[in-house]
Amino acid sequence: MDITLARTFLDIVASGSFLRAAESLHVTQTAVSARVRTLEDQIGARLFVRNKAGATLTPAGEQFVPYASMLVQVWERARHQVAVPAGRRSVLTIGCEVSLWDPLLLDWLLWMRTEAPHLAVRTEVGFPADLIEQVAGGILDIAVVYAPQLRPGLRIELLIEEKLVLVTTRKRGRTVDPKDYVYVDWGPDFAAQHSLAFPELANPGVIAGLGPLGREYILAAGGSGYIRLAVVREHLESGRLRRVPDAPEFLYPAYAVFAEGADESVVRPALDGLRHAARPEKGGSPPSRKGLKRTAARGE
């Protein structure tokens, strides 16, 4: 079977529309329709019912979803394994949401270097919808995201229940000054909760679309804002930042998304490493970056 047909089928399932699938695949709607007809001819069953609202799966189409996903994933796995570097047994590809990678992805890489040296690793940082799409398409083995949407053929596991806490560079005061408040965009759920808790901060002077950017701006320019607790803990301990007393906390959990038929020998060590990197305070912390530099200097 042409893998392109399976990819097209899955794109229609994800978008619910031949038109949106055509836009995603950068082809004409006529080409998408032709691919579906070819696929239906090969399978011997109708896969979609088209209507004004888009496209819905037939019973045969619903049965074909996991197989189409498996076909694409097996193909991508085969393509990756052909290019396994010397001395490694397999290749693992992982993507992390932009708001979560720091320091999780780096700490995970350090852990994998010592605990799973048989795996070659490829990493990328991106937006959640794109990352999940790549997992569904077999391009990524794992995606680490904040609010994943469940899709057929994918599994979701909780990695860590992170907190967003209100921090400030001010030494005194129990309230936030709107003049130096930095709104960090942690997504629609956070926005809804934030607007209820702080209606007076609806129009901040600075909005940061990236967590690390918001954190570094507050440290450099002064001010207040909501930041992930894990990445400001050392600044709280050093006194560069302090938590605003009695301010509400917001949950910001991280999830791992991977295919149901994923290779356990590849995915499980990676998930173990992500949990260790996400919860260093509970034991199994990743090797320190200074320690890694000393090891590299000795040539180990």
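**Labels and the values behind them**

Modeller: Start with His26, whose relative accessibility is 72%. Exposed means over 50%, so His26 counts as exposed. Keep in mind that this is a predicted model.

Biologist: Where is His26 found?

Modeller: His26 is in the loop between α2 (18-25) and α3 (29-43). Its phi is near 60°, a positive value in a residue other than glycine.

Biologist: What makes Asp246 exposed?

Modeller: The relative accessible area of Asp246 is 70%. The cut-off for exposed is over 50%, so Asp246 is exposed. Asp246 lies in the loop between β10 (242-243) and β11 (250-259). Its phi is positive too, about 65°, although Asp246 is not a glycine.

Biologist: Which residue with a positive phi follows α6?

Modeller: Gly138, with phi near 80°.

Biologist: How do you know that the bond between Asp102 and Pro103 is cis?

Modeller: Omega is about 0° for the peptide bond that joins them. Pro103 has its place in helix α5 (residues 101-115).

Biologist: Now the overall picture. How many helices and strands does the chain have?

Modeller: Eleven helices and eleven strands. The C-alpha trace spans about 70 × 55 × 30 Å along its principal axes. The chain has 300 residues, and 46% of them count as buried. The accessible surface is about 15600 Å². Carbon and sulfur atoms hold 54% of that surface.

Biologist: What share of the contacts with a separation of 6 or more comes from residues 24 or more positions apart?

Modeller: They account for 71%.

Biologist: Next, the aromatic side chains. Why is the pair of Phe190 and Tyr226 called edge-to-face?

Modeller: The structure holds ten aromatic pairs. In this one, the ring centres of Phe190 and Tyr226 are 5.7 Å apart, with the planes at 70°. Rings pair if their centres lie within 6.5 Å, and planes over 60 degrees apart count as edge-to-face.

Biologist: Are Phe190 and Tyr226 buried or exposed?

Modeller: Buried means under 20%. Phe190 has 2% relative accessibility, so Phe190 counts as buried. Tyr226 has 1%, so Tyr226 counts as buried as well.

Biologist: Which residues do ring pairs link into a cluster with Phe190 and Tyr226?

Modeller: Tyr183, Phe198 and Phe250 join Phe190 and Tyr226 in that cluster.

Biologist: Let us turn to empty space. How is it found?

Modeller: A probe the size of a water molecule is rolled over the atoms, and this shows where empty space is left.

Biologist: What makes a space a cavity and not a pocket?

Modeller: In a cavity the probe fits but cannot get out, whereas a pocket is open. The count comes to one cavity of 30 Å³ or more.

Biologist: Which residues line the largest cavity?

Modeller: The lining is Ser99, Asp102, Trp186, Gly211, Pro212, Arg215, Ile227, Arg228 and Val231. Both α8 (211-221) and β9 give two or more residues to it. The largest share comes from α8, with three residues. By class, the lining divides into four nonpolar, two polar and three charged residues.

Biologist: And the second largest pocket: how much space lies in it, and how many residues line it?

Modeller: About 480 Å³ of space lies there, and 21 residues line it. Glu97, Phe127, Pro128, Ala129 and Ala147 lie nearest the centre of this pocket. Its lining has eleven nonpolar, four polar and six charged residues.

Biologist: Which helices supply at least two residues each to the lining of this pocket?

Modeller: α6 (128-136) and α7 (188-197). The most comes from α6, with five residues.

Biologist: Which residues of α6 are buried?

Modeller: Leu131, Ile132, Gln134, Val135 and Ala136 are buried.

Technical notes
Residues are numbered from 1 along each chain as its sequence is written. Side-chain values use heavy atoms; hydrogens and water are left out. On a 1 Å grid over the protein atoms alone, a cavity is a set of points where a 1.4 Å probe fits but cannot get out, and a pocket is an open set with protein on both sides within 12 Å along at least five of seven lines; lining residues have an atom within 4 Å of a point. Grid points are joined across faces, edges and corners, and a volume is the space filled by probe spheres set on the points. Helices (H or I, at least four residues) and strands (E, at least two) are DSSP runs, numbered from the N terminus. Ala, Val, Leu, Ile, Met, Phe, Trp, Tyr, Cys and Pro count as nonpolar, Asp, Glu, Lys and Arg as charged, and the others, Gly among them, as polar. Buried means under 20% relative accessible area, exposed over 50%, partly exposed in between (1.4 Å probe, protein chains only). Contact means heavy atoms within 4.5 Å. Accessible areas come from the Shrake-Rupley method with a 1.4 Å probe; for residues, only the protein chains shown count as cover. Rings of Phe, Tyr and Trp (its six-membered ring) pair if their centres lie within 6.5 Å; planes under 30 degrees apart count as stacked, over 60 as edge-to-face and the rest as tilted.
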